[in-house]
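Please look over the sequence and the model before reading on.

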Amino acid sequence: RIEKYDAEFDIRTDRKTEVVERITVTFLRFGLTMFYRSFPTEGCLYENITAKCEGNDEFRYNVADNPDMDGFFDVNCIGGVEYDKTWTYEISYVMQDSTNAVKDGMIFDATGFGWTVPLNDVTLTFRFPKALESGQYATYIGGYGVEKEESKAPDQAVWSEDRKTLTVHQERLDVVYNRHYGEYAVEGITVEFDYGGNVMNRMRMVLEL
């Protein structure tokens, strides 16, 4: 069970984003060996991937290709996995948008779409390099591939006074049928923005995992 999911996104003009995820997990079965977080590689490049689990003396992690799906890699969090045990895993990385899909901005599938259990108490914090005004951004919830017109708004989306920090909160993200994958998975939170000028650098840089 995902008790709490927090993530911070520090967005830079070079299209790299420094990300810290904190995922609080309770294990509900015996015989489990690890918790893993999957990341898509399509349109994204990653570097400086690290993980930790405070208070877990048995903790270790590795980064490996997902054994079941091409185009994904996993951060495998191993150690101390026991029935009714609760841990908070902190996963940090630098992610780069390699698509230039938005001319002067980016699109974040911020929570991902592959989760098979609901996410509870979700808080996402986005720090932008320059203030964003109404009409320059959108925040919405839905399954993978859902258009904005078919989506819903999050429970809360609050801007800082200087319009450079957005905090999004959702009490729960539920499992829905995903037409793209033909399976049930958690709906995701998407944030997109476009300054409409020349704020974001369109250079492509190759990063190694």
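The sections below describe a sheet, a hairpin and a loop in this predicted model.

## The sheet

Three strands make up an open sheet, arranged in the order β3-β6-β5, and their pairing is antiparallel. Strand β3 covers residues 34-40 and, like β5, stands at an edge of the sheet. Each of these two strands has a single partner strand, so one side of each is left without a neighbour in the sheet. From one strand to the next, the twist averages 20°.

In a regular strand, side chains alternate between the two faces of the sheet.

Strand β5 spans residues 60-65, and β6 spans residues 72-78. The two strands run antiparallel and are joined by six bridges.

Together β5 and β6 form a hairpin, with six residues between the two strands. The turn includes Gly 71, whose phi is positive, at about 85°.

Strand β4 comprises residues 44-52, and the loop between β4 and β5 contains Asp 57. The relative accessibility of Asp 57 is 79%; because the cut-off for an exposed residue is over 50%, Asp 57 counts as exposed.

Asp 57 and Gly 79 are 22 residues apart in sequence. In space, the C-alpha atoms of Asp 57 and Gly 79 are 8.1 Å apart.

Conventions:
Residues numbered from 1 in each chain as written. Predicted model: local features only at pLDDT ≥ 70, side-chain atom pairs only at ≥ 80, totals over all residues. Heavy atoms only, no water. Helix = DSSP H or I, 4+ residues; strand = E, 2+ residues; numbered from the N terminus. Buried < 20%, exposed > 50% of the residue type's maximum accessible area, 1.4 Å probe, protein only. Pairing = 2+ DSSP bridges. Axes fitted to C-alpha atoms, helices over the stretch in contact; angles between N-to-C directions.
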